[in-house]
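Okay everyone, thanks for coming.

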Amino acid sequence: MERIPILRMGNFLLVTIQVDMHDRLAMTLQEDLTKKIAETGARGVMIDISALEMVDSFIGRMMSHISSMARILDAKTVVVGMQPAVAITLVELGLSLKGVQTALTVEKGVRYLEQAVTTGGGRRTNGRRPH
Amino acid sequence: MVVARTELLPIRGEPEVVMVRQIVRAWCVDLKFSLVDQTKMVTAASELARNTLIHGGGGTVDLQVVEEGDRRGLRLVFEDKGPGIPDIPLAMKDGYTTGSGMGLGLGGSKRLVHDFEISSEPGHGTRVSIIRWK
């Protein structure tokens with residue numbers, strides 16, 4: 001089955017979406033990513049969508065869901081590299097991606113995650129959340 | 001309005017929704033739409049193709065290059081023989097959904113195009129026609 005690869009970089013997971021996703025592929029990514037967060041205890045997730053020429057309501061919803069699920073699993077999410085034409089279209093479509101943190105570039109995304117992880121909620125020990 | 005070129009595509013599965021996006025993109029490029037205009041039309045096409053598949057049980061989209069006076073545009077006509085929409089104004093409202101989506105498909109795609117027409121007969125299907133002019 002076709003899958004989008006998830007790379008691990010230290011405490012973070014990195015996903016680069018380079019294909020025009022059909023809906024099932026987006027759902028699979030959502031499941032794979034939440035599984036991987038739980039498995040690795042990752043503290044941050046970066047989704048690079050710079051290659052995406054279109055984000056419709058389905059893909060937008062997937063990004064919101066990933067952010068919410070990651071948050072419940074004690075990880076921060078940042079979506080990076082959205083093309084300006086995609087941003088304009090999303091807003092007109094009526095999707096403001098509330099609750100989804102974004103950054104313009106991968107560097108800024110990494111900086112956001114590093115900051116969010118060190119300032120937000122303390123460090124995890126033995127893969128457990130602090131009480 | 002003159003139809004200069006036309007192509008009928010089936011929408012029977014998710015891969016065909018992706019194919020519709022790609023072919024609509026190619027036609028927008030041929031019409032020399034700006035990048036923002038291409039993105040709007042492709043996004044509207046994606047929303048409506050998904051509606052045709054999920055709510056209509058599959059159907060077709062007819063791509064048409066249309067000319068009126070000295071302006072040219074792209075018209076997409078989505079048709080299905082599904083259960084139809086009993087209350088169109090309600091279905092057009094943002095946030096209204098019967099499926100698993102966000103309920104932005106119809107109202108949202110209307111905002112992305114210049115002309116939007118919808119007709120539906122419960123029990124017989126739905127037809128949505130959109131135009132984006134260059």
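Let's start with one residue pair: A:Thr16 stands opposite A:Asp48 in β3(A). This is a predicted model, by the way, so keep that in mind as I go.

Which strands does that pair belong to? It sits where β2(A) meets strand β3, residues 44-48 of chain A, and those two strands pair in the parallel sense over 5 bridges. How does the chain get from one to the other? Through a helix: β2(A), α1(A) and β3(A) make a β-α-β unit, and a right-handed one.

Now look at what else β2(A) does. Strand β1, residues 6-9 of chain A, pairs with strand β2, residues 12-16 of chain A, in the antiparallel sense, over 4 bridges. So that you can find it on the screen, look for A:Leu7, whose bridge partner in β2(A) is A:Leu14. β1(A) and β2(A) form a hairpin with 2 residues between them. If you zoom in on the turn, you'll find A:Gly10 there, with a positive phi of about 60°.

Okay, on to the partner. Chain B has 4 helices and 5 strands. Reading from the N terminus, you get β-α-α-β-β-α-α-β-β. The radius of gyration of chain B is 14 Å, close to the 14 Å from the globule rule for 134 residues, so chain B is as compact as a globular protein of that length. Its C-alpha trace spans about 40 × 25 × 25 Å along the principal axes.

How much of chain B is buried? Of its 134 residues, 40% are. And if you take the contacts in chain B between residues at least 6 apart in sequence, 65% of them join residues at least 24 apart.

Last stop, the interface. How many residues are in contact there? On chain A it's 18, and they touch 24 residues of chain B. On the chain A side, the elements giving two or more residues are α1 (23-40), α2 (57-72) and α3 (84-93). Which of them gives the most? That's α3(A), with 6 residues.

Definitions and conventions:
Residues are numbered from 1 along each chain as its sequence is written. Chains are lettered from A and ligands numbered from 1 in the order in which they are written. This is a predicted model: local features need pLDDT of at least 70, side-chain atom pairs count only at pLDDT 80 or more; totals for chains, interfaces and linings use all residues. Two residues are in contact if their C-beta atoms, placed from the backbone, lie within 7 Å. Two strands pair if DSSP finds at least two bridges between them. A crossover is right-handed if, with the strands pointing away from the viewer, the path from the first strand over the helix to the second runs clockwise. The radius of gyration is taken over C-alpha atoms; the globule rule is 2.2 Å times the number of residues to the power 0.38. A residue is buried if 20 or more other C-beta atoms lie within 10 Å of its own, exposed if 12 or fewer, and partly exposed in between; C-beta atoms are placed from the backbone.
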